[in-house]
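Open the model in your viewer and show it as a cartoon.

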Amino acid sequence: MSSSTGCVREIDGDLFAAPKDHSLAHCVAADLKMGAGIAVRFKQLFKQEDKLKAQNVGVGGVAVLKDDARFVYYLITKKTSYQKPTYDDLAKSLEAMRKHMSENGAKKLAIPRIGCGIDGLEWDKVKGILNSTFGGEGNFEIVVYNFVPK
């Protein structure tokens, strides 16, 4: 099943099976603990925690790893892992990611329903922020993978 509005398209499937020409992104805390939710899988697959920590990114920013031809974005949406993010901080992180994508020619992005799992944000609001951030110039393609347990 797939649905789309603006530049955001939703499909059912495994985020980590996304085509390799799609960059990936997810939300983390500035402490980069990544001990729960989808962040655990990112930590296992992409490792390089020292490289992420060395970037010393604050709330509202984005830490970036390179994975072959694509980027892996760590949206810093809260100070510590036990806190909850705000929509404002998520929007700032998404804007920082959009800027990096524009500057580096990354046009395709695969994401989970960012901020809506453990962090508890409402998907309709987050989707609106995604569309307003990426819907203008730049021709971005955002594919949201809705996890469906087997």
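Colour by secondary structure and follow the protein chain along its sequence: the pattern is β-β-β-α-α-β-β-α-β-α-β. That is four helices and seven strands, where helices (H or I, at least four residues) and strands (E, at least two) are DSSP runs numbered from the N terminus. This is a predicted model, in which local features need pLDDT of at least 70 and side-chain atom pairs count only at pLDDT 80 or more, while totals for chains, interfaces and linings use all residues. Residues are numbered from 1 along each chain as its sequence is written, and side-chain values use heavy atoms, with hydrogens and water left out.

Next, select all C-alpha atoms. They fill a box of roughly 35 × 30 × 30 Å, taken along the principal axes.

Of the 150 residues, 46% are buried, that is, under 20% relative accessible area (1.4 Å probe, protein chains only).

Now select C27, A36, G37, I38 and I118. Of the 24 residues lining the largest pocket, these lie nearest its centre. The pocket holds about 460 Å³ of space, a volume being the space filled by probe spheres set on grid points joined across faces, edges and corners. A pocket here is an open set of points on a 1 Å grid over the protein atoms alone, where a 1.4 Å probe fits, with protein on both sides within 12 Å along at least five of seven lines; lining residues have an atom within 4 Å of a point.

Colour β3 (23-29), α1 (38-46) and β7 (141-146): each supplies at least two lining residues. The most come from β3, with four.

Stay on strand β3 and select H26. Is H26 buried or exposed? It is buried, with a relative accessible area of 1%. Beyond residues up to four places away in sequence, H26 touches M34, I38, A39, F42, Y73, Y74, L75, P112 and I114 (contact means heavy atoms within 4.5 Å). To finish, draw a distance from H26 to F42: their C-alpha atoms are separated by 8.4 Å, at 16 residues apart along the chain.

Definitions and conventions
Buried < 20%, exposed > 50% of the residue type's maximum accessible area, 1.4 Å probe, protein only.
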